[in-house]
Amino acid sequence: MRISPSLLRWGPAVAAAALPLALAAGPVSAVSGISVSTSGSMVSVTTSACGRINGSWGTASLLDSRQTSFAQGRQVALSGTAAAQSAAWSSVTPGTYTVIVLCSNNDTAGTQTVIVAPAPSPSPTRSAAPAATASPSRGVLGGVGGAVRDYGTVTLVAGGALAGSGVIAAAWFLRRRAKPYRF
């Protein structure tokens, strides 16, 4: 099979021009008309899909995993301009939520699931200057090591028995090694 020189010359240019158009078209169901973000315990949603009707852009609802309909969620009215509308919820507990935006003409702008993570626990930070600390009232417990915990009698007896049996076994082993030619 022979490939014409004009196909070799123009083929890559046609493919390069068609690729962005094919990617931009994409599947319609994959595009959501909303953008959801979280920051700590705050969830916010932004859209540009709603139009203003009778002074209202629409309503957004935040549903937890037990809620099944728009009316059951925490509802907030959209605010903004013709270019972008937004809504936000504060003090959201950690978990998985679904955000639904319903425009004022009763069209759904989009639905998206979001995960609110628990707040990170505060960690100690190190600074260049030493922090002021309280001095111990009884002095330093030198020599105590890891034995700060108070163990019971049974634990101490069992530990002593293990240590004693170890000493006896070591003495028996060394005594047997000292005798030559013993079977």
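A residue counts as buried under 20% relative accessible area, exposed over 50%, and partly exposed in between. Keep those cut-offs at hand for this walk through a predicted model.

**Stop one: S56.** Select S56, which sits in the loop that links strand 2 (42–47) to strand 3 (58–63). Its relative accessibility is 30%, so S56 counts as partly exposed. Now show its surroundings: leaving aside residues up to four places away in sequence, S56 touches G51 and S104. S56 and L78 are 22 residues apart in sequence, and their C-alpha atoms lie 7.6 Å apart in space.

**Stop two: S61.** Move on to S61, found in strand 3. Is S61 buried or exposed? With 0% relative accessibility, S61 counts as buried. Display the side chain of S61 and the backbone of F70: a polar atom of that side chain lies 2.9 Å from the backbone oxygen of F70. F70 is also one of the residues that S61 touches, not counting those up to four places away in sequence. Colour the others on that contact list as well: G73, R74, Q75, W89, T98, V99 and I100.

**Stop three: W172.** Next, select W172 in helix 2 (residues 153–178). Because its relative accessibility is 54%, W172 counts as exposed.

Technical notes: Residues are numbered from 1 along each chain as its sequence is written. This is a predicted model: local features need pLDDT of at least 70, side-chain atom pairs count only at pLDDT 80 or more; totals for chains, interfaces and linings use all residues. Side-chain values use heavy atoms; hydrogens and water are left out. Helices (H or I, at least four residues) and strands (E, at least two) are DSSP runs, numbered from the N terminus. Buried means under 20% relative accessible area, exposed over 50%, partly exposed in between (1.4 Å probe, protein chains only). Contact means heavy atoms within 4.5 Å. A polar contact is a pair of N or O atoms within 3.5 Å; within protein, one must be able to donate a hydrogen and the other to accept it, and residues adjacent in sequence count only if both atoms are side-chain atoms.
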